[in-house]
Amino acid sequence: VLSLQIVHILNMTSAKIVSFLLHPEESLHSLQNRIEFETGISTGNQELLLETGICLDPRKPASQCVIDGVRGWDSYMVYLFDKSRTVYDGPFASRSLSDCVNYIVQDSKIQLPIPQLRKVWAEAVHYVIGLKEDYSRLFQGQRAAMLSLLRYNANLIKMKNNMVSASQQLKAKLEFFHQSIRLDLERYSDQMAYGISSEKMLKAWKEMEEKASHCAQAEDIGYLDEQIMALHTEIVELQKSPYARRQGEVMESLEQRAIDLYKQLKTRPPDHAYSDSTDMVKIIVQTVQSQDRVLKELFGHLSKLLGCKQKIIDLLPEIEVALNNIKEADNSVMQMQGKRQREIWHLLKIACTQSSSRSLVSSSLEGTASTPAAAWLPQGSSGNTPPHPLSSLPAPQEGENFADVIQENVNYLELFSSILQEVRQEQNSMMVS
């Protein structure tokens with residue numbers, strides 16, 4: 001018997017306990033099917049919580065419901081909630097009276113022999129203790145719901161912090177992007193008259209600026225932040241509420257009074273005396289009334305907890321969407337920044353190439369102009385002296401070959417032509433892009 005695994009499920013929607021004998025290696029899905037058959041709550045709407053507020057893991061076997069030790073064997077509870085409901089308002093019927101206890105409740109002044117009265121009062125004390133224990137279990141279920149809510153709230157805070165951080169980063173990048181593109185546009189306009197221009201590139205830069213303005217919409221998370229802050233305030237108020245703490249003091253005192261009454265009756269001699277049950281019935285009635293009151297408060301508070309939890313569940317996808325939008329906008333801004341910087345460096349390359357070409361052309365022209373015809377004349381001749389015949393020109397210096405000089409000039413001409421060709425191609429590609 002001790003090796004058996006029995007799980008006790010407290011249905012928080014009906015305040016009733018259902019127990020199941022677990023089969024060896026039974027899956028949680030199999031147990032949920034059995035729970036659906038007993039409670040009518042579909043497997044998709046079942047939320048099974050441990051005392052710690054942790055939801056059962058569907059990947060693990062059903063034996064996770066049972067803890068080791070004697071306590072886990074006969075009294076450890078798993079709390080069942082219906083995710084399709086956020087309002088638990090009963091009515092919740094108290095546990096039924098036994099026949100003999102119901103007999104004295106119907107007529108508390110009836111006289112019974114002391115031995116028989118002891119048996120009836122013993123059952124009455126058991127009934128009062130049972131009412132208090134029923135409340136204790138339901139309160140523990142409410143506590144599990146609170147712990148589950150706090151876990152969801154912790155996840156909400158984590159996602160909110162990630163969202164706020166990403167939004168601030170996007171805002172900073174957008175400010176940098178707008179400042180840098182404005183400066184680039186100003187500098188581009190200044191050099192258009194004497195430098196390089198491309199209407200298509202200018203149009204693309206202005207479109208980037210407009211697109212960046214649309215990206216700024218992604219950083220607007222004020223509406224979500226307001227909802228999250230309102231939820232935080234509501235959760236704090238629920239934690240501070242007196243209904244979040246145990247309200248069974250009256251029932252515990254009534255339980256002790258019932259036990260004391262029974263002890264007093266037990267000390268009376270088992271003679272032929274008779275006595276009524278007025279005092280015990282009064283305790284039973286007060287206990288039932290007290291349980292009705294505290295259960296009404298408990299389930300009212302539980303409904304608020306579940307309502308907050310549902311708000312968090314509804315908010316999480318919205319935060320996820322906002323976070324994805326921020327990341328997409330961030331990537332878009334960084335891509336536009338990178339594209340514009342590549343275009344600026346391309347312009348710089350073209351400008352440097354053109355500058356090098358101009359320098360090469362001017363240096364060639366200067367070299368041609370600095371070689372006067374007098375250089376071919378013999379030294380000491382005047383400018384009005386007719387040129388000498390070719391045979392009278394000075395001979396080349398030692399090691400100098402006219403063929404080599406001509407070949408070198410041809411090579412320079414080819415290099416200059418290739419540079420001009422490359423510049424024209426880059427200008428054409430810049431205009432197209």
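H178 is buried in this predicted model, with a relative accessible area of 14%. The value falls under the 20% cut-off that defines a buried residue, and therefore H178 counts as buried. The residue belongs to helix α4, which spans residues 114-191. When neighbours within four places in sequence are set aside, H178 is in contact with E209, A212 and S213.

**The chain as a whole**

- The chain has 433 residues, and buried residues make up 35% of them.
- Its secondary structure consists of nine helices and six strands.

**The four-stranded sheet**

- Four strands form an open sheet in the order β2-β1-β4-β3, and their pairing is mixed.
- The edges of the sheet are held by β2 (residues 16-21) and β3 (residues 46-49). Each of these strands has a single partner strand, so one side of each is left without a neighbour in the sheet.
- On average, neighbouring strands of this sheet are turned by 30 degrees against each other, direction ignored.

**Strand β3 and its partner β4**

- Strand β4 covers residues 77-82 and pairs with β3 in the antiparallel sense, over four bridges.
- Within this pairing, E47 has F81 of β4 as its bridge partner, and L48 stands opposite L80 in β4.
- In a regular strand, side chains alternate between the two faces of the sheet.
- In β3, Q46 and L48 lie on one side, while E47 and L49 lie on the other. These four residues are all buried, and both faces of β3 are covered.

**Helix α4 against the sheet**

- Helix α4, the helix that contains H178, lies across β1 (residues 6-11), β2, β3 and β4.
- Relative to β4, helix α4 runs at about 65 degrees.

**Helix α4 with helix α7**

- Two packed helices are described by the angle between their axes and the distance between the axes.
- Helix α7 (residues 249-267) packs with α4 at an angle of about 165 degrees, and their axes are 9 Å apart.
- An angle over 145 degrees counts as roughly antiparallel, and α4 and α7 are therefore roughly antiparallel to each other.
- The crossing of these two helices is left-handed.
- Residues of α4 in this contact include I114, L117, W121, V125 and I129. On the α7 side, the residues include M251, L254, A258, I259 and L265.
- By class, the residues of the contact of α4 with α7 comprise 16 nonpolar, no polar and five charged.

**Helix α4 with helix α3**

- Helix α3 (residues 99-106) crosses α4 at roughly 95 degrees, and the two axes come within 9 Å.
- Angles of 65 to 115 degrees count as roughly perpendicular, and α3 and α4 are therefore roughly perpendicular to each other.
- From α3, the contact involves C100, V101 and I104, and from α4 it involves V120, W121, E123 and A124.
- The contact of α3 with α4 has six nonpolar residues, no polar residues and one charged residue.

Note on methods:
Residues numbered from 1 in each chain as written. Predicted model: local features only at pLDDT ≥ 70, side-chain atom pairs only at ≥ 80, totals over all residues. Heavy atoms only, no water. Buried < 20%, exposed > 50% of the residue type's maximum accessible area, 1.4 Å probe, protein only. Contact = heavy atoms within 4.5 Å. Pairing = 2+ DSSP bridges. Axes fitted to C-alpha atoms, helices over the stretch in contact; angles between N-to-C directions. Parallel < 35°, antiparallel > 145°, perpendicular 65-115°, else oblique. Left-handed = near helix turned anticlockwise from the far one by under 90°. Nonpolar A, V, L, I, M, F, W, Y, C, P; charged D, E, K, R; others polar.
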